[in-house]
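Me: I would like to go through this model and ask, for each label put on it, what the label rests on. Please answer with the value and the cut-off where one is needed.

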Amino acid sequence: MTDFNLFPDRYAEKCRKWDRAKIEEHFGPVKDDFIPMWIADMDFRAPEPLVSRLHQAVENGIFGYTYVYDEFYDAVIRYFERHHHSSPKREWLTLCYGTVSTLHYTVQAFCQKGDYIMLSTPVYDPFERAATAFGAQVVENELVVKDNRYQIDFEKMEEQLKQYRPKLYMLCNPHNPSGRIWSREELVTLISLCQKYGTVVVADEVHSGMILDGVYTSTIETGELLKNVILLSSPNKQYNLGGLKTSYAIIQNEELRKTFRDRLTKNSITSPTVFGILALITCYNEGEEYSRALMGYLGENYRYAREAIENRIPKLSFMEMESSYLLWVNIQNTKLDSDTFTHRLAKETGVLVESGNNFVGNGEGYIRINLGTQFENVKEAFTRIEKFVNGL
Ligand SMILES: Cc1ncc(COP(=O)(O)O)c(C=O)c1O
């Protein structure tokens, strides 16, 4: 079994999160003993079945073209049956080259320049870049904080849908940066509203394999409404496979699927990388035990972080981390703005976190802390954060 307390060599493969030059580009000069808790990348060795399957492929020593073979479809279908009580049909699946690049292709497939795309903010910043890189415009539907939890203002959303008639609504489910999972009722309301105004829902579900608390609902479980959804997912967050650039789309609606696939074909996105498809299949088929153990470990990191904040750092508070490993922390009582907080924390303590302003829209007043690292790092980081915040 993987020992999550062991720090793998994060320098050998030139990991961006740990690279000093990349860090200093972003934060300015930092101390030698910096602790990176910014980019959503975890510091754990991958599951052993995956490592040994890729070893086998390397030993075979040949890396020519491959294709999307049956095991890929079977692995994704079985995964959805096990985790999301649904059985996508094989023809609904399309292999893609990572979720972010797929967001870009989706915009290109469904929008004209100047069209609107709606987002509930704050949200993962590549959503906005996918829109603006193409020349589409973003309509921000601001999430509202109620009882320290984000809520969608559906009345406002309907007004905006009516006014802007966005071609797409990009949904982050679970939500990055807050970790919030959306309920079935919320999903049904949201997709129905979008359908009423001719807006297609693009559901990014890449964090869905990492639920810590609560009942997760995938958009695939919304029955008839799935006709209005393009579901994008991958094992990349759950197993930290971002560098393999392999993901998939699930599209039930034939017309949407055709438009989507035409765009991929026009860009020759047709065959997978040898390692990416193997990794997806192996993790989905043989990664359950690893995933359960990992979620237990992350749960302990979260427990430590929440106790540290609640008991020792009264100026900070956080939203419940219902999924994944990204803790959304409210810093408003420190009286520092998010960028200043982040930069001073980096310079004075070496703890590197994301400013709320790195997300689309209204993230000011928050920082995001990545807990996907060894417990010792989390402990040390919170000791330093405590000293920094309490000394302000
Ligand atoms: C919501 C969300 N979507 C997509 C990604 C990245 O997906 P990929 O690496 O497959 O492009 C991330 C990474 O953090 C994410 O948080």
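Reply: Residues 57-385 have end C-alpha atoms 44 Å apart, and this span is 42% helix and 17% strand. The model is a predicted one. UniProt, in an unreviewed entry, lists residues 57-385 as "domain: Aminotransferase class I/classII large".

Me: What does the domain assignment give for this protein?

Reply: The assignment gives domain 1 as 16-46 + 288-390 and domain 2 as 54-286. The C-alpha centres of domain 1 and domain 2 are 26 Å apart.

Me: How many residues of domain 1 are in contact with domain 2?

Reply: On the domain 1 side there are 25 residues, in contact with 31 residues of domain 2. Contact here needs C-beta atoms within 7 Å. On the side of domain 1 that touches domain 2, α10 (288-312) and β12 (326-330) each supply at least two residues. The most comes from α10, with five residues. By class, that side of domain 1 has twelve nonpolar, nine polar and four charged residues.

Me: Which residues come nearest to the ligand?

Reply: A40, G98, T99, V100 and N176 come nearest, out of 13 residues around the ligand. The shell around the ligand has five nonpolar, seven polar and one charged residues.

Me: Why is S323 called buried?

Reply: S323 has 26 other C-beta atoms within 10 Å. The label "buried" needs 20 or more, so S323 is buried.

Me: Where is S323 found, and what is S323 in contact with beyond its neighbours in sequence?

Reply: S323 is in the loop between β11 (317-318) and β12. Leaving aside neighbours within four places in sequence, S323 is in contact with P174, G179, I181, H207, M210, I211 and L212. V107 is 216 residues from S323 along the chain, and their C-alpha atoms are separated by 27 Å.

Me: P174 is one of those contacts. What kind of peptide bond joins N173 and P174?

Reply: The bond between N173 and P174 is cis, with omega about 0 degrees. P174 is placed in the loop between β7 (168-172) and α7 (184-196). A cis peptide bond also joins T121 and P122, where omega is about 5 degrees. P122 is in the loop between β3 (116-121) and α5 (126-134).

Me: What makes β11 and β14 edge strands?

Reply: β11 and β14 (354-355) each pair on one side only. They belong to an open sheet of four strands in the order β11-β12-β15-β14, with antiparallel pairing.

Me: How do you know that β11 and β12 pair?

Reply: Two bridges join β11 and β12 in the antiparallel sense. Pairing needs at least two bridges, so the pair counts. F318 has V329 in β12 as its bridge partner.

Me: How many bridges join β7 to β8, and in which sense do these strands run?

Reply: β7 and β8 run parallel and are joined by five bridges. M170 stands opposite V202 in β8.

Me: Why is β8 called mostly covered?

Reply: In β8 (residues 200-204), five of its five residues are buried. V200, V202 and D204 are on one side and V201 and A203 on the other, all buried, and both faces are covered.

Me: What is noted about the phi of D147?

Reply: D147 is not a glycine, yet its phi is positive, about 50 degrees. D147 is in the loop between β5 (144-146) and β6 (149-151).

Me: Why is D147 called exposed?

Reply: D147 has 5 other C-beta atoms within 10 Å. "Exposed" applies at 12 or fewer, so D147 is exposed.

Me: What about R165: what is its phi, and why does R165 count as partly exposed?

Reply: R165 is a residue other than glycine with a positive phi, near 45 degrees. R165 lies in the loop between α6 (154-164) and β7. R165 has 14 C-beta neighbours inside 10 Å. Exposed residues have 12 or fewer and buried residues have 20 or more. The count for R165 falls in between, so R165 is partly exposed.

Definitions and conventions
Residues numbered from 1 in each chain as written. Predicted model: local features only at pLDDT ≥ 70, side-chain atom pairs only at ≥ 80, totals over all residues. Domains from an automatic or database assignment. Contact = placed C-beta atoms within 7 Å. Nonpolar A, V, L, I, M, F, W, Y, C, P; charged D, E, K, R; others polar. Near = placed C-beta within 6 Å. UniProt positions renumbered as here; feature names shortened; annotations may be inferred.
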